[in-house]
Amino acid sequence: MPYAANGLVQQDPIDGGVEITEDQYLEAVEGMCAGLMVTIDGGFKVVAVPEPAPIVPPVPTLAELSSIALRQRDYLLSVAAIRIAPLQDAVDLRRATETEIASLTRWKDYRIDLNRIDQQTTFPVTIDWPLAPGAAVAE
């Protein structure tokens with residue numbers, strides 16, 4: 001005589017299982033091959049596998065949001081510094097073109113705006129990130 005337990009069927013007795021008929025055994029095997037599962041809760045049944053509960057990530061705290069934003073700001077400030085340095089060198093050595101001078105001004109304006117993101121009234125929940133010079137505007 002076959003036996004069933006939650007998620008299991010076999011010909012030998014199962015601790016905590018129940019005895020089932022040969023027809024129920026065949027139903028269970030066919031169902032399991034089709035991706036279903038056996039349950040004995042409330043009597044023998046072959047049922048669909050329940051969908052797992054969605055994983056809901058925890059809502060970050062304001063301190064965590066602030067830390068994330070400031071790390072991003074610092075990274076973008078380091079990128080700006082790399083872009084500014086050769087332009088500033090050209091200006092300092094009086095070898096800058098008008099285009100380089102204009103680009104230096106735009107990069108410095110960008111760096112100032114980046115440095116002030118924490119002064120925005122909606123920081124750190126919503127941040128109006130400045131666009132880097134030459135960045136494409138999303139439409």
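Student: Is Arg73 buried or exposed?
Tutor: Please keep in mind that this is a predicted model. In it, Arg73 is buried, because its relative accessible area is 13% and the cut-off for buried is under 20%.

Student: What does the side chain of Arg73 meet in a salt bridge?
Tutor: The partner is Asp74, and the distance from N to O is 2.8 Å.

Student: And how accessible is Asp74?
Tutor: Asp74 has a relative accessibility of 40%, so it counts as partly exposed.

Student: How many salt bridges does the count come to?
Tutor: The count comes to 1 salt bridge, and the side chains of Arg73 and Asp74 form a salt bridge.

Student: Let us step back. How many helices and strands are there?
Tutor: The chain has 3 helices and 5 strands. Read from the N terminus, their order is β-β-β-α-β-β-α-α.

Student: What is the radius of gyration of the chain?
Tutor: The value is 33 Å, whereas a compact globule of 139 residues would have one near 14 Å. The C-alpha trace spans about 95 × 30 × 30 Å along its principal axes.

Student: How much of the chain counts as buried?
Tutor: Of the 139 residues, 26% count as buried.

Student: Now the surface. Which residues form the negative patch?
Tutor: Glu22, Asp23, Glu27 and Glu30 form a negative surface patch. As for Glu30, this residue belongs to helix α1, which covers residues 22-33.

Student: Why does Glu30 count as exposed?
Tutor: Glu30 counts as exposed because its relative accessibility is 58%, and the cut-off for exposed is over 50%.

Student: Which residue is 21 residues apart in sequence from Glu22?
Tutor: That residue is Met1, and the C-alpha atoms of Met1 and Glu22 are 7.2 Å apart in space. Met1 is placed in the segment before β1, a strand of residues 3-5. With a relative accessibility of 53%, Met1 counts as exposed.

Student: What about Leu26, where does it lie?
Tutor: Leu26 is in helix α1. Its relative accessible area is 46%, so Leu26 is partly exposed. Between the C-alpha atoms of Leu26 and Val9 there are 9.6 Å, with the two residues 17 apart along the chain.

Student: Further along, which residue is 13 residues apart in sequence from Leu87?
Tutor: Glu100 is that residue, and its C-alpha atom is 6.1 Å from the one of Leu87. Glu100 is placed in helix α3 and is partly exposed, with a relative accessible area of 27%.

Student: Where is Arg94 then?
Tutor: Arg94 is in the loop between α2, which covers residues 62-92, and α3. Arg94 counts as exposed, because its relative accessibility is 78%.

Student: What is the phi of Arg94?
Tutor: Its phi is positive, at about 55 degrees, although Arg94 is not a glycine.

Student: One last topic, the backbone. Which peptide bond is cis?
Tutor: The bond from Phe123 to Pro124 is cis, and its omega is near 0 degrees. Pro124 is found in the segment after α3, a helix of residues 98-115.

Methods. Residues are numbered from 1 along each chain as its sequence is written. This is a predicted model: local features need pLDDT of at least 70, side-chain atom pairs count only at pLDDT 80 or more; totals for chains, interfaces and linings use all residues. Side-chain values use heavy atoms; hydrogens and water are left out. Patches are made of residues with over 30% relative accessible area and no salt bridge: like charges are joined within 9 Å, nonpolar side chains (Val, Leu, Ile, Met, Phe, Trp, Tyr) within 5 Å. Accessible areas come from the Shrake-Rupley method with a 1.4 Å probe; for residues, only the protein chains shown count as cover. A salt bridge is a side-chain nitrogen of Lys or Arg within 4 Å of a carboxyl oxygen of Asp or Glu. Lys and Arg count as positive and Asp and Glu as negative; His and the chain ends are not counted. The place of a charge is taken as NZ of Lys, CZ of Arg, CG of Asp or CD of Glu. Helices (H or I, at least four residues) and strands (E, at least two) are DSSP runs, numbered from the N terminus. Buried means under 20% relative accessible area, exposed over 50%, partly exposed in between (1.4 Å probe, protein chains only). The radius of gyration is taken over C-alpha atoms; the globule rule is 2.2 Å times the number of residues to the power 0.38.
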